[in-house]
Amino acid sequence: MGQKKKKGAKKNPKGFKKGDKIHGQKKGKKGEAAAYVTRAQALAKLQVSLADFRKLCILKGIYPRDPKKKAHGLDKTYYHSKDITFLAHEPLLNKFFELKTFMKKFKRLMGRNERDLAKGAEDRKPKYTLNHLVRERYNSFEDAVRDLDDAVSMLALFQALSADQRRQIPTEAVNEATRLYQEFQLYCIRAQALRKVFASIKGYYFQAEIMGHTVTWLAPHQFAQELPPEVDFRVMLTFLEFYRAMVKFVNFRLYADLGLSYPPKRNSLRENNSAEVAALEVEMREAGKAREAAADAGEKADAEVSATVAADFGAESEEAKEMQRRVAEQTRMKNTFRGLKVYINREVPLRPVYFTLLCGGVSEVGWERGAGVAGSSAPGSTLNVGGKHVTHQVVDRPPDSFDQREGREYIQPQWVFDSFNNGCQLPVALYAPGRAPPPHLSPFVDDQAEGYVPRQRELLDRLAQEAGVSSGAA
C-alpha cells in the first residue's frame, strides 16, 4: 500500500526537484541551460540598449550561439554566459554610457535653442578608440592578414558609396575608407603582390599574396549606387569602424616591411583634380626604380629558395618541381607588362585597369579621364594620347569613332586582365576594338577539379607554356 499524503501538505514549489523540499535546485541553474542566456537577459545584465549591445558584440567578435537545449523557448536568441561576462568588463561599455549622457545634455541644449553652449559641449564629446580590440582579437600579425578579406572588401564597398545623411553614412567614414583602400592598393603595387583578377557583373575580384597568405576581395563597379532600403547600414558601419582600425595597423606594418614611411605623402592638387588615382600615383615616379630593384631582388631570392629546395629534396622531387612552377608563375605575372607604355581612354574603367597594369610591372601609364581639352594630358598623367612613346592604348568604343595612330596596339580592357592572369601578353588581334573578345575565364576556378576544361583554357595554357619556354630560353 502506498503511503497516503497528509492533508494540508504543501506541494513542491514550481521549479524545484520533485521529492527534495529542503535542498531543491532551481531550474536553469545548472548544466547546459545555465551556460546560455537570452538576449533580453544579456541586455538586462549589461544595462545597455539593443543598438549598443549589437555594436559591442560586433566590435568584440561575439556572435549568438545555438544550444541543443533552449530552456527559454525556440524563438529566443542565445548567447554564452561567459561571453556576456566578457562584455561586462569591456572599457567601451563605460564610453557608451558617457555618450548616452552626453546626447541627453546635447539634445536638451538644442531644444532650448542654446546653440553656443551646445557647440561647446560638442567639442567635449567623449571619444574612444578600438586599438585595444585589434590587439585583443589578433594575437599576431599573421592572424590579422588572414582576416583581411572581409576588411578590404568592406573598404572597397564604402569607397564606392557617397555620404548619405538620411542613411547615417558619414562623410568621414567614406573618406577614411577611400584613403585606407588606396594605401593598401599602393602596397600591392609596390610589392607586386597581386596574383589574380576577374571582372564580373558584381565588380572586380582581386587576389593578392601577402606574407604567404592569399587575400581575396571584391571591388564594386564605379557607378552611382542605389542604396536598398532593407539594408541596415548601421550594422555595416559598425563593421567598417573596426575594419578601419585594423587596416591601419596592417598597412603600417606592411609599409614598414617595405621600408616605406606611413602614411604615404599625398599631392593635394593632383588629388583634387583626379581623386581616384591621386593616392596611387603620388609615389609611383619615385617608386619606379625602387619597384624594378625590388623585382630583381625578389627574383634572386626566389631563385635561391628554389635552389635550396632542390638541394634538400632533390631536383626531380615533387616539392622542387612545385616550387619552381610557383616561382616561374609569379615571375611571369610581375613582368607581364614590363617595358610597355599604356594609355587609357576615358570610357575605360580606370581604377581596376590602372591597378592591374602597375602590378604587372608596366613602365608608364597615362589616362584621358580628367583632361580639359581633347588630346591633352590629364592631371597626374605623364602620357597624352598623341605621345610617340605609347605602345598600347586601351579603348572600349567602335574603331570608327577614334583616330588610330601607327606604332601602337589598340586593345580592349579584357586584354589587360586575361594577360595578367595568364602571365604573358596575349595576341592583341583577339582583343581588337569592335571585335567580340574571347571568353573571360575565371582564374579562381580549377577546371581540372571541375571535370571540364574549356577550349579557351587549353589555348591560354598553351600560350603560357610557350611564353615560359621562351622566357626560360632567354
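Predicted model: local features only at pLDDT ≥ 70, side-chain atom pairs only at ≥ 80, totals over all residues.
Some ground rules. Residues count from 1 along each chain as its sequence is written, and side-chain values use heavy atoms, without hydrogens or water. Local features need pLDDT of at least 70 and side-chain atom pairs 80 or more, while totals for chains, interfaces and linings use all residues.

By pocket I mean an open set of points on a 1 Å grid over the protein atoms alone, where a 1.4 Å probe fits, with protein on both sides within 12 Å along at least five of seven lines.

The lining, meaning residues with an atom within 4 Å of a point, counts 41 residues. Nearest the centre are Lys 55, Leu 99, Lys 125, Tyr 128 and Glu 241. Helices H2 (50–60), H4 (91–111), H9 (171–191) and H10 (233–257) each give two or more residues. H4 gives the largest share, 9 residues. Helices here are DSSP runs of H or I, at least four residues; strands are E runs of at least two; both are numbered from the N terminus.

Now the sheet. Three strands form an open, antiparallel sheet, in the order S3-S4-S5. Pairing takes at least two DSSP bridges between two strands. S3 (194–199) and S5 (213–220) are the edges; each has a single partner strand, so one side of each lacks a neighbour in the sheet. Neighbouring strands are turned by 15° on average, direction ignored. Between S3 and S4 (203–210) there are 5 bridges. Phe 198 has Tyr 205 in S4 as bridge partner.

Helix H16 (413–422) packs on this sheet, touching S3 and S4, at about 145° to S3. Axes are lines fitted to C-alpha atoms, for helices over the stretch in contact, with angles from 0 to 180 degrees between N-to-C directions. Contact means heavy atoms within 4.5 Å.

Which residues does Ala 208 touch, beyond four places away in sequence? Cys 188, Ala 193, Leu 194, Arg 195, His 213, Thr 214, Val 215 and Trp 217. Ala 208 sits in S4. At 0% relative accessibility, Ala 208 is buried; buried means under 20% relative accessible area, with a 1.4 Å probe and protein chains only.

Last, Thr 38, in strand S1 (36–38). Thr 38 is buried too, at 7%. Beyond four places in sequence, Thr 38 touches His 72, Lys 76, Thr 77 and Tyr 78.

Terms used
Buried < 20%, exposed > 50% of the residue type's maximum accessible area, 1.4 Å probe, protein only.
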